Amino acid sequence: MTTDRSPMPKAGVRRIAVVGAGYVGLPTAAVLSHHGHMVTLAERDERRLEILRQGRSPIVEHGLEEMLKDGMSTGRLRTVRSAAEAVVGAEFVFLCVETPQSADGSADLSFITAAASEIAPHLADGAIIVNKSTVPVGTVGLIERVLGRADVVTVSNPEFLREGTAVADSLSPDRVVVGADDREAAARVAELFGDSGAPVVITDATTSELIKYASNAFLATKLTFINTMAGLCEAVGADVLDLVLGIGYDKRIGFEFLRPGPGWGGSCLPKDTAALVAISNAAGYDVSIVRGAISGNDEQMRRVVAKIATAAGGTFRDRTIGVLGLSFKANTGDRRDSPALSITKMLVAAGASIRAFDPTVTTADADQPDLAHVTVFDSAYEAVTGTHVIALLTEWQEFRWLDYSKIRGLVANPAIVDARNLLESGLVHRLGFSYSGIGRS
Ligand code: UGA
């Protein structure tokens with residue numbers, strides 16, 4: 001067990017426990033310790049814990065490892081295995097555990113309730129529980145019931161960080177949302193983020209929980225909108241990149257989150273849109289716009305498969321596709337609900353073989369269950385060798401700088417489907433490739 005070498009907290013410095021060292025818990029713990037608070041991070045997965053104790057980050061996340069190391073070397077951040085141990089003496093306990101999707105689309109709350117019952121007897125008097133996990137409306141009340149502690153207040157504090165820029169997003173969030181019926185407790189939680197200068201929205205717990213889903217559903221709808229416009233651009237011979245410029249200068253629309261792609265994925269947008277539909281159904285209300293965003297997204301992935309089929313000569317029989325990118329977006333090793341994997345599965349089902357490269361995947365990962373349908377290689381050049389179509393599915397910047405004249409000599413057929421509009425189409429055309437982007441020629 002790590003010993004707490006920390007001095008007694010100074011004024012304004014809080015003792016905080018963070019339960020769960022995942023994509024939300026790790027940056028939360030790192031940034032809170034960076035702000036000077038005394039943080040104990042609980043992670044029950046031995047492998048993750050061991051990596052952390054070696055001063056490394058268990059996830060690919062820019063700047064995270066340095067911040068974790070800094071916290072551990074100053075004694076402001078320590079790691080323990082059990083949540084029960086972490087919460088002893090903590091004024092604030094952040095719940096950052098998984099809320100996976102159940103079969104019916106709703107969020108599975110078993111990790112939250114298990115954590116709540118584990119910590120309940122060990123909480124300090126008057127502790128504040130801060131729920132950062134994405135949960136259906138009413139979960140703050142559920143946590144309070146499981147805790148069964150009249151002296152303990154539970155507060156909703158949804159997290160809006162993006163993978164890949166988690167540290168930067170946590171250091172300077174666009175806003176901080178805190179929801180609780182006890183407004184004083186909410187204000188105390190908001191103070192923890194005081195240094196960021198972000199606007200703070202204090203509301204009731206139900207609204208706060210819904211804000212998280214509404215944010216992700218809005219973003220997902222925005223993406224389906226632009227992907228749909230990209231399809232329309234192709235149908236009428238327009239250029240979606242110029243279209244984005246033309247609409248984005250309108251300040252009410254803006255440029256953010258308007259990059260057309262192979263469809264949206266990751267561990268949040270698909271799960272949270274499905275959960276929002278489930279919440280709405282349970283409340284007897286129809287969020288048809290969100291259902292439309294989800295089906296439009298499935299459609300987008302099928303459109304990409306159709307493009308690859310066209311580039312392969314109309315058939316996948318005896319065709320090998322060279323896939324560049326497997327993670328759900330660049331700068332993360334996360335492949336959960338990755339459009340790249342959904343698309344490669346459709347390609348394999350249609351008869352194609354896949355050779356793939358991703359900067360965060362090595363041949364040592366080949367036995368991972370989600371990669372069973374592809375053959376992975378340690379270099380992009382190896383992956384594309386002998387292939388009939390190159391499908392660029394994740395926007396890793398390094399794919400721009402590959403030597404495409406060398407690749408021209410390696411492939412069986414010079415065709416590129418660039419589902420991220422990453423490449424300079426003129427350049428690859430000049431080298432003799434056929435090129436198909438999204439919403440542009
Ligand atoms: C998303 C939200 O953006 C965060 O605000 C939220 O905190 C997080 O979910 C969460 O709920 O935890 P993240 O899943 O990291 O963050 O990924 P995004 O950057 O939102 O990307 C989601 C998907 O949309 C990816 O597949 C990405 O490639 C795609 N995307 C994004 C586009 O195709 N075009 C864009 O312009 C932006």
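Predicted model: local features only at pLDDT ≥ 70, side-chain atom pairs only at ≥ 80, totals over all residues.

Modeller: Residues are numbered from 1 along each chain as its sequence is written, and side-chain values use heavy atoms, leaving out hydrogens and water.

Biologist: How many helices and strands does the protein have?

Modeller: Both are DSSP runs numbered from the N terminus: helices are H or I of at least four residues, strands E of at least two. On that basis the protein has 16 helices and 14 strands.

Biologist: What is the radius of gyration of the protein?

Modeller: It is taken over C-alpha atoms, and the globule rule is 2.2 Å times the number of residues to the power 0.38. For 441 residues the rule gives 22 Å, and the protein is close to that, so it is as compact as a globular protein of that length; its radius of gyration is 23 Å.

Biologist: Is Asn421 buried or exposed?

Modeller: Asn421 lies in the loop between strand 13 (415-418) and helix 16 (425-430). Buried means under 20% relative accessible area, exposed over 50%, and partly exposed in between, with a 1.4 Å probe and protein chains only. At a relative accessible area of 14%, Asn421 is buried.

Biologist: Which side chain does a polar contact of 3.3 Å join to that of Asn421?

Modeller: Contact means heavy atoms within 4.5 Å. Beyond its neighbours within four places in sequence, Asn421 is in contact with residues including Val240, Pro260, Tyr435 and Arg440. A polar contact is a pair of N or O atoms within 3.5 Å; within protein, one must be able to donate a hydrogen and the other to accept it, and residues adjacent in sequence count only if both atoms are side-chain atoms. At 3.3 Å, the side chain joined to Asn421 is that of Arg440.
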